[in-house]
Amino acid sequence: MQRRRLLAVAAALVVASGCSSQEDEAPPGVSAPSSSASASSDGARAAVEAYVRALNSRSADGLMSVGGVKDEEWSRQEAERILADQGGRGWKIKDVRIQHDMGPDVGSARLLAEDKTGKPLQDTFTVTRENGTWHLTVFTDQPGEPGKETSATDPPRS
């Protein structure tokens, strides 16, 4: 008797899962976010939006803030390089996709935008949450900690 109930419940679950509406489903290959993942995605999306505002206003301070780096000589120089390359284009966000593919505090963000002339632009970032604040990994020249050796990137010598 108990086995029949278990089978009936399992069958009902299978039927019910096939009856969801298209609006409730995530696109193919993308799982629907839970409410906590959705809140995390909102914070990561806000970081991407702050990045676009910093680019459009040519704000080195804004870039350093969204990048989660201290205002130091190296970070200011790198922010100026980023702004010289991408700043002031009037980016308009068309889509931001956040995937928590590396855990709840680390993921990736894909930005699709267009500039003020309508030219399509795109960028992909690693997003990280530190102490509740989301940052984009846009600074790549951060110096290593004093007293620690960094990994060699030179080709091996023979």
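**View 1. The largest nonpolar core of the predicted model.** The largest nonpolar core comprises 29 residues, and those with the most contacts inside it are Tyr51, Leu63, Leu111, Leu136 and Phe139; a nonpolar core is here a set of buried Ala, Val, Leu, Ile, Met, Phe, Trp, Tyr and Cys residues joined through side-chain atoms within 4.5 Å. Two or more residues come from each of α2 (35-56), α3, α4 (73-86), β1, β2, β3 (120-130) and β4, and α2 gives the most, with seven residues. Helices (H or I, at least four residues) and strands (E, at least two) are DSSP runs, numbered from the N terminus. Buried means under 20% relative accessible area, exposed over 50% and partly exposed in between, with a 1.4 Å probe and protein chains only. This is a predicted model, in which local features need pLDDT of at least 70 and side-chain atom pairs count only at pLDDT 80 or more, whereas totals for chains, interfaces and linings use all residues. Residues are numbered from 1 along each chain as its sequence is written, and side-chain values use heavy atoms, with hydrogens and water left out.

**View 2. The chain as a whole.** The chain has four helices and four strands, which run α-α-α-α-β-β-β-β from the N terminus on. Of its 158 residues, 27% are buried. Among contacts with a separation of 6 or more, 48% are between residues 24 or more positions apart, contact meaning heavy atoms within 4.5 Å. The chain exposes about 11,300 Å², of which carbon and sulfur atoms supply 50%; accessible areas come from the Shrake-Rupley method with a 1.4 Å probe, and for residues only the protein chains shown count as cover.

**View 3. The four-stranded open sheet.** The strands are ordered β1-β2-β3-β4 with antiparallel pairing, two strands being paired if DSSP finds at least two bridges between them. Because β1 (92-99) and β4 (133-136) each have a single partner strand, they stand at the edges, and one side of each is left without a neighbour in the sheet. Neighbouring strands are turned by 30° against each other on average, direction ignored, where axes are lines fitted to C-alpha atoms, for helices over the stretch in contact, and angles run from 0 to 180 degrees between N-to-C directions.

View 4. Seven antiparallel bridges join β1 to β2 (residues 106-114); valine 96 has leucine 111 as its bridge partner, while glutamine 99 stands opposite serine 108. Six residues lie between the strands of this hairpin, in which glycine 103 takes a positive phi near 120°. Apart from neighbours within four places in sequence, leucine 111 contacts several residues, including Val48, Val52, Trp91, Ile93 and Phe125.

**View 5. Glycine 107 in its surroundings.** Glycine 107 lies in strand β2 and is buried, with a relative accessible area of 0%. Not counting residues up to four places away in sequence, glycine 107 touches Gln99, His100, Asp101, Met102, Phe125, Thr126 and Val127. Its C-alpha atom is separated by 9.8 Å from that of leucine 136, 29 residues apart along the chain.

View 6. In α3 (residues 60-67), Ala60, Leu63, Met64, Val66 and Gly67 are buried. These residues cover an arc of only 170° around the axis, which puts them on the same side of α3; the arc is that of the directions from the helix axis to the C-beta atoms. Glycine 68, with a positive phi near 70°, follows α3.
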